[in-house]
Amino acid sequence: PVDVSAAVRDAVAAAFKPLQDSLQAAPADVVSRVVAAAPRERRPISEVFDIPGFEGDCEVWGPRGAVDIDYVWPVTYLRTALKNLERGSNFWQWGEKGTGKTKFAEQLAARLGRPYFRVSLDKTSEKAEFIGQDQISAGTSFFSAGQVLQAYVTPGAICLLDEADHTRPDYV
């Protein structure tokens with residue numbers, strides 16, 4: 001059996017390696033200024049997610065987005081997601097269609113005041129749509145970043161690769 005999450009993770013890492021290398025080569029003061037420019041504060045998780053008794057605190061990046069006050073948090077998934085975000089790590093969600101994976105990512109970003117990117121993938125998706133492509137306008141060529149690349153360079157962004165297992169096999 002194919003480990004889809006590992007294949008997607010490896011494909012995304014390979015696609016962004018040149019960008020990551022250039023960011024790592026940037027002077028430390030430039031990187032620290034970009035990260036420091038994002039407004040952040042630590043707040044109690046119980047307050048941010050309206051879950052009484054939830055221990056710990058989390059980093060809130062800015063004003064809340066479109067919060068669904070009726071959303072019921074799956075506490076185990078929330079705890080895992082917050083730990084991974086704190087470490088700067090990715091996390092994967094899986095489950096049957098309609099179980100709330102997309103809503104979870106959307107509400108997580110809204111509560112934490114983080115930019116949110118949803119990239120819908122399927123067998124007709126082209127790499128240029130999510131990574132980017134060269135374009136020409138008025139005789140000038142330029143690179144137009146796709147949604148995944150935009151998310152990658154946006155400090156604090158949460159990017160949902162929706163239905164990544166449905167993308168074309170030659171992309172993984």
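Which residue in the turn of the hairpin formed by β4 and β5 has a positive phi? Ala138, at about 50°, with two residues between the strands. This is a predicted model, where local features need pLDDT of at least 70, side-chain atom pairs count only at pLDDT 80 or more, and totals for chains, interfaces and linings use all residues. Residues are numbered from 1 along each chain as its sequence is written, and side-chain values use heavy atoms, without hydrogens and water.

Gln133 stands opposite Ser144 in β5. Helices (H or I, at least four residues) and strands (E, at least two) are DSSP runs, numbered from the N terminus.

Next, α4. This helix has 13 residues and reaches 18 Å from its first C-alpha to its last, close to the 18 Å expected at 1.5 Å a residue (1.5 Å times one less than the number of residues). Leu78, Ala81, Leu82, Asn84 and Leu85 are buried in α4, meaning under 20% relative accessible area; exposed is over 50%, partly exposed in between, with a 1.4 Å probe and protein chains only. They lie on the same side of α4 because they cover an arc of only 165° around the axis, taken from the directions from the helix axis to the C-beta atoms. On the other side, Thr76 and Arg87 are exposed. Among the elements covering the buried residues are α3, β2, α5 and β6 (158-162), by contact, that is, heavy atoms within 4.5 Å. Gly88 follows α4, with a positive phi near 75°.

Conventions: Two strands pair if DSSP finds at least two bridges between them.
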